[in-house]
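Open the model in your viewer and keep the selection tool at hand. Each stop below says what to select and what is there.

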Amino acid sequence: MYTLFGFQGSGSAAVEIALERCGVPYRIVNAASWEPNSAVAELEKLNPLRQIPTLQLPDGGVLTESAAILIHLGLEFPSSPILPAAQPERAQAIRGLVYIAANCYSAISIIDFPERWCADADESIKERVRRGARERLHQNWEIFADQFPSQPYLSGAAPGGLDFLAAVVSKWSGTRAHLGNARPDFLATLERIENHPAVAPVFARHWPV
Ligand SMILES: N[C@@H](CCC(=O)N[C@@H](CS)C(=O)NCC(=O)O)C(=O)O
């Protein structure tokens with residue numbers, strides 16, 4: 001069985017939706033670097049970065065990095081909707097997954113932990129690092145919106161791994177509010193993904209209203 005190390009309101013939600021879509025049994029272990037009462041020591045043994053999502057595979061192998069996990073599940077379960085079956089859609093979905101991980105998820109990490117990126121930063125410097133990263137994050141989402149069309153989902157007729165990661169990573173750091181002004185059609189796509197019956201129950205667990 002798969003073991004997903006994750007936490008409420010975190011990026012593990014994207015992998016949880018994917019595991020549901022693959023129809024495979026899995027268990028969740030609550031672990032987060034910012035939550036000392038979680039299974040963070042167990043997580044660190046598998047992923048020294050202490051980051052989630054981290055997925056332990058049925059054969060005991062460990063996968064980290066949200067994009068890699070989603071691509072792996074898409075390849076492992078080709079009849080699932082995680083990756084589009086046809087080219088060029090599949091290539092673009094892989095590009096989109098890596099784009100989000102490299103350009104958006106990474107900026108969130110800077111916003112959350114500015115001290116990791118600026119030596120001896122006092123509060124005012126940390127705030128400036130946060131502000132710069134946030135502006136860059138919002139710009140990177142605008143570029144994503146322009147580069148990845150929705151038909152009506154980012155993965156085509158049904159939401160796939162790219163949709164799951166986009167919907168989850170856009171929950172943070174004012175991204176949705178920014179896109180409401182800058183790219184309203186893309187915001188509507190994100191809301192469509194979030195409200196899809198395969199996605200909504202996981203979102204409700206992670207972000208209860
Ligand atoms: N590159 C990783 C980033 C994962 C990440 O930053 N996860 C956050 C939670 S949403 C985390 O665990 N942060 C804790 C830390 O960096 O200490 C990915 O794409 O999966």
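## Stop 1: helix H1

Select H1 and colour its buried residues: Ser12, Ala13, Ala14, Val15, Glu16, Ile17, Ala18, Leu19 and Arg21. That makes nine buried residues out of eleven, so the helix is mostly covered. Keep in mind that this is a predicted model. Now show what surrounds H1. Its buried residues pack against E1, strand E2 (26-30), E3, H3, H6 and helix H9 (200-206). Step just past the end of H1 to Gly23, where phi is positive, about 70°.

Next, pick Ala18 in H1. Leaving out residues up to four places away in sequence, Ala18 touches Leu70, Leu73, Ile82, Gly161 and Phe164.

## Stop 2: Gly6 in strand E1

Move to strand E1, residues 2-6, and select Gly6. Is Gly6 buried or exposed? Gly6 is buried, because 25 C-beta neighbours lie inside 10 Å and the cut-off is 20 or more. Draw a distance from Gly6 to Ile28: the two are 22 residues apart in sequence, but 6.7 Å apart in space, C-alpha to C-alpha. Beyond neighbours within four places in sequence, Gly6 is in contact with Ser12, Glu16, Ile28, Ile52 and Pro53.

## Stop 3

A cis peptide bond joins them, with omega about 5°. Pro53 sits in the loop between helix H2 (40-46) and E3. Arg50 is in the loop between H2 and E3 as well. Arg50 is not a glycine, yet its phi is positive, about 55°. How many other C-beta atoms lie within 10 Å of Arg50? There are 16, so Arg50 counts as partly exposed.

Jump to Gln87 and Pro88 for another cis peptide bond, with omega about 0°. Pro88 lies in the loop between H3 and H4.

Then select Asp120, in the loop between H4 and H5. Asp120 also has a positive phi of about 55° without being a glycine. Asp120 is exposed, because 6 other C-beta atoms lie within 10 Å. For background: most residues other than glycine have a negative phi, and most peptide bonds are trans.

## Stop 4: helix H3

Select H3, residues 66-76. Its buried residues are Ser66, Ala67, Ile69, Leu70, Ile71, Leu73 and Gly74. They pack against H1, strand E3 (54-56), strand E4 (62-64), H4 and helix H6 (161-169).

## Stop 5: the nonpolar core

Which residues have the most contacts inside the largest nonpolar core? Select Ala14, Ala18, Leu70, Leu165 and Ala166. The core has 52 residues. Elements giving two or more residues to this core are E1, H1, H3, H4, helix H5 (123-147), H6, helix H8 (184-195) and H9. Domain 1 (2-76) and domain 2 (89-203) both contribute, so the core lies between them.

## Stop 6

Colour by domain: domain 1 is 2-76 and domain 2 is 89-203. Their C-alpha centres lie 19 Å apart. The contact takes 14 residues from domain 1 and 14 residues from domain 2. On the domain 1 side, H1 (12-22) and H3 are the elements that give two or more residues. H1 gives the most, seven residues. By class, this side has seven nonpolar, three polar and four charged residues.

## Stop 7: around the ligand

Show the ligand and the 13 residues around it; Ser10, Gly11, Ser33, Gln51 and Ser66 come nearest. Helix H3 (66-76) and helix H4 (89-112) each supply at least two residues of this shell. H4 has the largest share, three residues. The shell divides into five nonpolar, six polar and two charged residues. Domain 1 and domain 2 each contribute at least three of its residues.

## Stop 8: zoom out

Display the whole chain as a cartoon. There are nine helices and four strands, in the order β-α-β-α-β-β-α-α-α-α-α-α-α. The radius of gyration is 17 Å, close to the 17 Å that the globule rule gives for 209 residues, so the protein is as compact as a globular protein of that length. The C-alpha trace spans about 50 × 40 × 35 Å along its principal axes. Finally, colour by burial: buried residues make up 40% of the 209 residues. Of contacts between residues at least 6 apart in sequence, 62% join residues at least 24 apart.

Definitions and conventions:
Residues are numbered from 1 along each chain as its sequence is written. This is a predicted model: local features need pLDDT of at least 70, side-chain atom pairs count only at pLDDT 80 or more; totals for chains, interfaces and linings use all residues. A residue is near a molecule or strand if its C-beta atom, placed from the backbone, lies within 6 Å of it. Ala, Val, Leu, Ile, Met, Phe, Trp, Tyr, Cys and Pro count as nonpolar, Asp, Glu, Lys and Arg as charged, and the others, Gly among them, as polar. Domain bounds come from an automatic or database domain assignment. Two residues are in contact if their C-beta atoms, placed from the backbone, lie within 7 Å. The radius of gyration is taken over C-alpha atoms; the globule rule is 2.2 Å times the number of residues to the power 0.38. A residue is buried if 20 or more other C-beta atoms lie within 10 Å of its own, exposed if 12 or fewer, and partly exposed in between; C-beta atoms are placed from the backbone. A nonpolar core is a set of buried Ala, Val, Leu, Ile, Met, Phe, Trp, Tyr and Cys residues joined through C-beta atoms within 7 Å.
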